[in-house]
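Take a look at the model below. Start with the overall fold, then follow the charged side chains.

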Amino acid sequence: MTCYDLRFPELARSLADAGAQVLLVCSSWVPGTHKTEQWLALNAARAIENSMYVGGVCQAPPVSVGRSVLVDPMGVVETDLGLEPGVLAVEVSLETVDRVRAAFPMFRQRRL
């Protein structure tokens, strides 16, 4: 997904329904009032509501808010690169995705 797509839970859910276990979001999240908080909250929300990893990659300041993150399926930020430019390789556990989806069977129990 790209940055603005993060604001729309339906797109992430359609990807999860199609079998996605990891969601990658490339972004240039523009700075502004509460924008860093929104960036972090939306990455965590998409991870929690779809029981998947979310890797949100964002340009560093001053162009964007920075804070590239990896959020696990429970909404825990496992990695946060902060405000400085950087590169980091991370590993995800698809077994963790399976375990969380088994513990919280939202896809079977959801209501429209």
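Accessible areas here come from the Shrake-Rupley method with a 1.4 Å probe; for residues, only the protein chains shown count as cover. By that method the chain exposes about 6600 Å². Carbon and sulfur atoms supply 60% of this area.

This is a predicted model, in which local features need pLDDT of at least 70, side-chain atom pairs count only at pLDDT 80 or more, and totals for chains, interfaces and linings use all residues. Residues are numbered from 1 along each chain as its sequence is written, and side-chain values use heavy atoms, with hydrogens and water left out.

Now the fold. The chain has four helices and four strands. Both are DSSP runs, numbered from the N terminus: helices are H or I with at least four residues, strands are E with at least two. Along the sequence the pattern reads α-β-α-β-β-β-α-α.

How do the dimensions look? The C-alpha atoms fill a box of roughly 45 × 30 × 20 Å, taken along the principal axes.

Next, the packing. Buried residues make up 36% of the 112 residues. Buried means under 20% relative accessible area, exposed means over 50%, and partly exposed lies in between (1.4 Å probe, protein chains only). A contact means heavy atoms within 4.5 Å. Of the contacts with a separation of 6 or more, 57% join residues 24 or more positions apart.

Turn to the charges. Lys and Arg count as positive, Asp and Glu as negative; His and the chain ends are not counted. The chain has 10 positive and 12 negative charges, and their mean positions are 9 Å apart. Each charge is placed at NZ of Lys, CZ of Arg, CG of Asp or CD of Glu.

How many salt bridges does the structure hold? There are three. The term needs a side-chain nitrogen of Lys or Arg within 4 Å of a carboxyl oxygen of Asp or Glu.

D17 lies in helix α1 (residues 9-17) and R110 in the segment after α4 (106-109), so the pair ties together parts 93 residues apart in sequence. D17 is partly exposed at 43% relative accessibility. R110 is also partly exposed, at 36%.

Another pairs E49 with R46, with the closest N and O atoms 2.4 Å apart. Both sit in helix α2 (residues 35-50), three residues apart, so about one helical turn separates them. E49 is partly exposed at 23%. R46 is buried at 6%.

D80 and R67 also meet in a salt bridge, 2.6 Å from N to O. This pair links distant parts of the chain: D80 is in strand β4, and R67 is in the loop between β2 (53-58) and β3, 13 residues apart. D80 is partly exposed at 33%, and R67 at 22%.

Finally, find D72. Its place is the loop between β3 (69-71) and β4 (77-80). D72 is buried yet has no salt bridge. The nearest side chain of opposite charge, R99, is 7.1 Å away. Which residues does D72 touch, not counting those up to four places away in sequence? They are A47, M52, Y53 and E78.
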